[in-house]
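Here is a friendly tour of some aromatic rings and a pocket. Keep the structure open beside you as you read.

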Amino acid sequence: MRLMFVYYCFGDAGSAQDIYHYSRVASDFGHEVVVYGPPDPNSRFTFSLDVGVADALIFVFEWTTQLRTGDRLDLARLLTKVPRERRLVIDCDGAYNDMITVDGDYNHRDQAASRAWTEVCDSISDRIYQPSLRPSRSNVRSFLFHGYDPAWERPLDFTAKEFGMVYVGHSKFRWRPMKQVLRAVEQVRDEVGRTALVGHGWDALPTWAAPMEMEDVYYTDQAYLRKIGVEFVSPVRFEEVIPWMSRAVINPVIYRPLFKLLSLVTCRTFETPAANTIPLFGLDEEYVREVYGEDAAALVLPQDHPEEKIADMMRRPDDYTDIILGIRRNLAAQHSYAARLQQLVELVES
């Protein structure tokens, strides 16, 4: 089967890594995965405009429903050459919902934007999926989409670490959950040591924020971050995410409030446990148990005295090794890209 992803592809954000790994494992099962767009010899992705030979179109929507590359015939080419029943929409950001606001986060600025997004998705396919354990709308089905690759796994060795804590990810709607982590870190600052935030928006607004009226989206308290000595690192490509995580003893796993409310999974859900680090889950304990296994609850940042959990991880990181290895086994068994690809093919054929 030839699957074509329609995706606004970036190398340092979003689901680029997932699509790359779908492509990588496809040949093992006699399938082919390409990304819609003009061929690019400098890219690690296989791009193609040859829609007619695709058995299915997989529209992956995150921050936009627009297309990044191609020409003015894009939609005509996509929607006329592959029948509706062979088109799927994966709504990664929970935008295929009514307008939701939670803790300063939102999926749409108004109901008109929600209706417009919904109409676009409905015009493409009757089959809408979200990477959520429990989609909110009755016509949306669950497909977790993001996956885990056991080949990512780094040996666990907590000696000679450059950083006490690193977070790799952009600041988009993440200031509130990050602030909770940093307030705890601040109380045991000397034990944690060097702390770095890697990605757009932590030390300054991204260049596109003001023109797109997204200043609130990328808000951070930059004076506070500098006061507690946080280091800022420019965004890294998806191949460098796990190596960067592996430079620290602990890495927070935090979601923007909307994603937490909708029980979504993300790229970071599955990347962090593979790194040479301790995942520190700033998530609901029930969600952590469901995704990572029962023992993973020991890595949840508690509401009461969270600084004690962080200090304990810094003092005796080796004592958490067995928990991390158990999480890895669970993810490899249930959430590998091979399993995801097989699930996707079954969705197409159903």
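## Aromatic pairs

How many aromatic pairs does the structure hold? This predicted model holds 18 aromatic pairs. Take Tyr22 and Tyr337: their ring centres are 5.8 Å apart and their planes stand at 75°, so the pair is edge-to-face. Because Tyr22 lies in helix H1 (residues 16-26) and Tyr337 in helix H13 (residues 337-349), the pair ties together parts that are 315 residues apart in sequence. Tyr22 is buried, with a relative accessible area of 0%, and Tyr337 counts as buried too, at 2%.

Another pair to look at is Phe61 with Trp117. The ring centres of Phe61 and Trp117 are 6.2 Å apart with the planes at 80°, so this pair is edge-to-face. Phe61 belongs to strand E4 (residues 56-61) and Trp117 to helix H3, so the pair ties together parts 56 residues apart in sequence. Both Phe61 and Trp117 are buried.

## A cluster, and charges over rings

Tyr22 and Tyr337 also belong to one aromatic cluster, together with Phe5, Phe143, Phe145, Tyr148 and Trp152.

Charged side chains meet rings as well. Arg137 lies over the face of Tyr96, 4.8 Å from the ring centre. The charged end of Arg247 sits over the ring of Trp244, at 3.8 Å from its centre.

## The second largest pocket

Trp117 turns up again here: with Trp63, Asn107, His108 and Met214, Trp117 lies nearest the centre of the second largest pocket. This pocket holds about 600 Å³ of space and is lined by 22 residues. Helix H3 (residues 111-124) gives the largest share of the lining, 3 residues. By class, the lining has 11 nonpolar, 5 polar and 6 charged residues.

Notes. Residues are numbered from 1 along each chain as its sequence is written. This is a predicted model: local features need pLDDT of at least 70, side-chain atom pairs count only at pLDDT 80 or more; totals for chains, interfaces and linings use all residues. Side-chain values use heavy atoms; hydrogens and water are left out. On a 1 Å grid over the protein atoms alone, a cavity is a set of points where a 1.4 Å probe fits but cannot get out, and a pocket is an open set with protein on both sides within 12 Å along at least five of seven lines; lining residues have an atom within 4 Å of a point. Grid points are joined across faces, edges and corners, and a volume is the space filled by probe spheres set on the points. Helices (H or I, at least four residues) and strands (E, at least two) are DSSP runs, numbered from the N terminus. Ala, Val, Leu, Ile, Met, Phe, Trp, Tyr, Cys and Pro count as nonpolar, Asp, Glu, Lys and Arg as charged, and the others, Gly among them, as polar. Rings of Phe, Tyr and Trp (its six-membered ring) pair if their centres lie within 6.5 Å; planes under 30 degrees apart count as stacked, over 60 as edge-to-face and the rest as tilted. Buried means under 20% relative accessible area, exposed over 50%, partly exposed in between (1.4 Å probe, protein chains only). A charge sits over a ring if NZ of Lys or CZ of Arg is within 6 Å of the ring centre and within 35 degrees of the ring normal.
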